[in-house]
Amino acid sequence: MTSMPKDPMLPVPFRIERVQRELSDTFTMEMVPKDGGAFSFKAGQFNMLYVFGVGEVPISISGDPADRSKVVHTTRAVGAVTKALDALKAGDEIGVRGPFGTDWPVEAAYGQDLVFVAGGVGLAPLRPAIYQAMANRERFGRVVVLYGARTPEDILFKKELERWRGRFDMDVAVTVDRATGKWSGNVGVVTKLVARGGFDPLHTTAFVCGPEVMMRYVAAELEKKGVARSSVWVSMERNMKCGCGLCGHCQWGPHFVCKDGPVFRFDRIADMFSIREL
Amino acid sequence: MPGAETAVATAAILQRDALDGLIKALRTKGYRVVGPRVADDAVVYDDLDGADDLPTGWGDEQKGGHYRLRKRADKAVFGYTTAPQGWKRFLYPPKQKLFAARRTASGFAIEPPPPPEPPLAIIGARACELAAMRVQKRVFGDKDYPDPGYQKRLADAFVVAVECSEAGDTCFCASMGTGPAVDSGYDIKMVELVDKSRHVFVAEAGSAKGAKLLKELKGDTAKDADKGAAAARVAKAAKAMGRVMETATAKRLKDFPEHARWDQVAARCLTCGNCTMVCPTCFCTTVEDVTDLKGDNAERWRKWDSCFTVDFSYIHGGSVRTEAAARYRQWITHKLSTWHDQFGSFGCVGCGRCITWCPVGIDITEEVAAIHQAEKPAAKGRK
Amino acid sequence: MVQTENLGRVIDEHPFFQGIDAKLRELLIGCAKNERFEVGEFLFRNGGRAEKFFLVRAGTVAVEVDVPGKPPIIIETVGEGEVLGWSWIVPPHISSFDARAMTLTRALSFDAKCLLRKMTADPLLGYEVLKRFVPMMAHRLQASRMQMLDLYGPGAEEKPAKKVKVEVVKAVKASKGKNRKADALLAAPEKPLKATKKADKLKKAEKAKAPKKLKKAG
């Protein structure tokens with residue numbers, strides 16, 4: 001791991017090695033520490049990415065936790081900083097602080113069926129956990145990836161999903177809210193995929209990532225199937241300025257989403273989901 | 001600021017004139033001495049050159065949404081309750097440069113941090129203010145990500161505490177258990193005794209460096225009667241608190257997120273954020289990036305922020321807390337209830353500043369009392 | 001016609017009627033039939049009499065709406081283990097969508113007339129069937145509402161972040177003068193929409209250049 005500077009607010013310079021366009025507004029960047037060191041993180045953690053002179057933004061790490069040679073981020077350009085990120089290219093430099101936050105407890109799920117439920121760009125923060133699970137495939141029962149996107153054009157990591165679908169030891173189902181073009185796959189919300197099952201609810205750990213409303217409905221559907229709330233994990237999003245519990249912005253009830261999350265066990269936060277404007 | 005060192009020194013009696021010696025001695029030792037002085041019709045904490053700068057003979061009058069200086073009948077130096085802004089301004093400045101970066105051929109370079117500032121000597125800290133320092137020490141003392149700046153400034157500071165002889169109308173430290181007696185976190189603590197016959201301070205050291213300085217000031221040994229008189233003043237202040245916090249209900253605020261009271265208080269709340277600015281424990285900040293016109297030099301600044309702004313909770317697409325009720329609820333629930341989950345104590349020390357400086361006089365103790373009233377088993381109040 | 005024994009087994013295997021009383025199951029079997037649909041074949045058509053409903057055993061069926069001049073809009077897909085069609089219980093018993101087999105589909109169909117007659121004669125059966133249909137319909141309604149929420153935000157298509165800005169400016173310029181008309185206010189919201197359409201075209205042109213991405217991932 002890159003030695004964390006004493007001051008957690010000081011970014012470490014990284015060089016962008018490769019930029020890959022995923023969707024028209026979403027891109028993946030691979031970067032390496034400028035000083036040549038390694039970077040290690042746990043699946044589900046995030047970094048604060050600093051664009052020189054523009055600002056900083058929290059972005060989940062979407063790469064393989066086993067690969068310490070680089071750090072990979074998949075970002076959707078929606079705000080000022082992410083749009084500035086989008087304008088960067090290979091060779092440019094970027095500031096990185098992190099990794100911050102809690103991780104998907106992949107190892108704690110050994111011996112269980114593992115169900116990943118992702119919505120939209122929510123597949124990106126789950127991908128490291130999927131890599132980790134598949135690297136330890138024999139440790140799990142079934143490995144199921146359920147993914148919902150808006151339209152077929154919005155499906156993230158299409159090639160990878162297709163590759164995973166081709167594996168005999170992985171069940172992958174994709175659905176879109178709205179079919180376009182020659183789409184011949186599922187149409188409907190991602191909860192429908194959960195309802196179809198294909199895992200043993202009593203011995204399942206589920207990792208869910210997507211818009212908050214989607215996670216709420218998916219968690220409810222998993223519960224309906226018989227998966228315990230304590231076996232469901234979700235990844236939250238809030239405004240963050242520091243990433244390490246100092247700025248106060250990400251507070252959600254008693255939690256700092258940046259350091260107590262972003263990955264939360266569902267039973268610990270389920271009640272808060274129903275409180276408006278918390 | 002001393003840690004858990006035991007106070008070994010016996011109490012000393014310092015004459016009024018010794019204050020100048022104290023300030024000058026601290027300046028000689030390289031401290032930046034800050035303490036109370038009168039400016040802009042208020043007692044403010046600012047740099048002190050000598051004892052002449054102190055607010056001799058000044059007191060204050062504080063009520064909900066009301067603050068006035070008033071002339072005292074005596075020449076008390078610490079005869080006011082609290083300054084509008086606490087010591088947070090010095091220990092965690094409103095604007096802090098996080099780093100500067102310079103564009104280079106390959107990208108950018110982070111500039112080395114500026115040399116450390118001289119240590120602070122804090123003159124006249126109240127018990128509630130020391131409690132606030134302890135609270136912020138925990139907030140900025142995460143085991144993985146402490147704020148090195150805050151920790152250093154606090155650790156290096158020399159703290160002269162002055163126990164309150166009087167309590168203000170918006171004070172409620174007694175019910176918060178944070179004052180008015182000072183029990184830790186000081187190098188020297190004093191009680192001011194003013195009457196017709198004398199004007200002295202009963203002083204005690206709370207650390208080795210405090211004891212050393214006290215010795216230099218050459219005070220007489222305090223008699224039991226002096227110590228008794230000092231304790232009596234403080235005990236009297238404890239009984240004169242203008243407000244009381246219903247602490248048991250305060251801790252439970254997070255259990256009432258849908259309480260009708262939130263809408264009632266929101267109807268008055270201007271969401272101006274004054275309470276967060278004067279609160280000695282509020283710690284939220286935002287960051288601001290600035291560049292020069294060429295774009296070759298960038299700086300990143302950390303600035304105090306307030307959970308009362310709409311932007312505070314912005315995530316792409318919109319803010320989480322758009323309603324004033326949600327923002328007030330967030331502030332008070334955090335301060336009194338969820339702070340326990342996060343840092344193991346109240347985030348409120350009972351200084352009363354948020355009451356005094358609220359333009360519409362919203363009273364944190366009154367809001368808790370209202371919910372307490374409604375939630376009493378016999379009450380009909382709705383949840 | 002398949003033997004009734006086999007039909008009974010098919011009913012048992014499908015989650016929808018699982019656990020139903022043996023006597024009622026016999027009544028169901030009497031109205032059931034095994035069916036097979038080739039790709040592109042319709043299970044029912046919009047506007048047609050709703051004479052059946054289906055327990056899908058294998059394959060995927062698209063529930064869709066035909067749009068003149070455009071490919072049909074798929075509302076949802078129904079697959080293995082799910083139920084298709086409820087217009088048979090709801091007067092005036094007319095199907096409101098097309099159901100088209102997207103893949104080779106095997107389904108158990110139930111004759112509506114037959115079943116309704118038995119349900120009227122035996123309210124216990126009627127209750128059993130409705131007890132299973134109502135939650136299914138509620139789930140479908142809930143799912144439709146979620147689809148309407150557009151949870152994943154504006155998609156790539158509608159928001160070509162960079163180019164749309166220029167187009168909006170152009171659209172505003174083009175509308176100069178027209179704004180003087182009183183009814184221009186009503187038309188105003190359309191401007192950005194037009195801009196988006198233009199941007200869409202740009203997007204499509206871009207896409208045509210891009211290497212073909214896979215069309216089928218689900």
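Colleague: What does the secondary structure of chain B come to?
Modeller: For chain B it comes to 13 helices and 16 strands, where helices (H or I, at least four residues) and strands (E, at least two) are DSSP runs numbered from the N terminus. Keep in mind that this is a predicted model, where local features need pLDDT of at least 70 and side-chain atom pairs count only at pLDDT 80 or more, while totals for chains, interfaces and linings use all residues. Residues are numbered from 1 along each chain as its sequence is written, and chains are lettered from A and ligands numbered from 1 in the order in which they are written.

Colleague: How compact is chain B?
Modeller: Its radius of gyration, taken over C-alpha atoms, is 22 Å, close to the 21 Å that the globule rule (2.2 Å times the number of residues to the power 0.38) gives for 383 residues, so chain B is as compact as a globular protein of that length. The C-alpha atoms of chain B fill a box of roughly 70 × 65 × 40 Å along the principal axes.

Colleague: And how much of chain B is buried?
Modeller: 49% of the 383 residues of chain B, counting a residue as buried if 20 or more other C-beta atoms, placed from the backbone, lie within 10 Å of its own.

Colleague: Switching to interfaces: how many residues do chains A and C bring to their contact?
Modeller: 38 residues of chain A touch 28 of chain C, with contact meaning C-beta atoms, placed from the backbone, within 7 Å.

Colleague: Which element of chain A gives the most there?
Modeller: That's H3(A), with 5 residues. The side of chain A that touches chain C has 15 nonpolar, 10 polar and 13 charged residues; Ala, Val, Leu, Ile, Met, Phe, Trp, Tyr, Cys and Pro count as nonpolar, Asp, Glu, Lys and Arg as charged, and the others, Gly among them, as polar.

Colleague: What about A with B?
Modeller: That contact takes 38 residues from chain B and 32 from chain A. On the chain B side, the residues divide into 18 nonpolar, 12 polar and 8 charged.

Colleague: Last one: in what order do the strands of the open sheet in chain C run?
Modeller: S2-S7-S4-S5, with antiparallel pairing; two strands pair if DSSP finds at least two bridges between them. The edge strands of chain C are S2 (42–44) and S5 (73–79), each pairing on one side only. S2(C) pairs with S7 (residues 98–101) of chain C over 2 bridges, and Phe42(C) stands opposite Arg100(C) in S7(C).

Methods
Two residues are in contact if their C-beta atoms, placed from the backbone, lie within 7 Å. A residue is buried if 20 or more other C-beta atoms lie within 10 Å of its own, exposed if 12 or fewer, and partly exposed in between; C-beta atoms are placed from the backbone.
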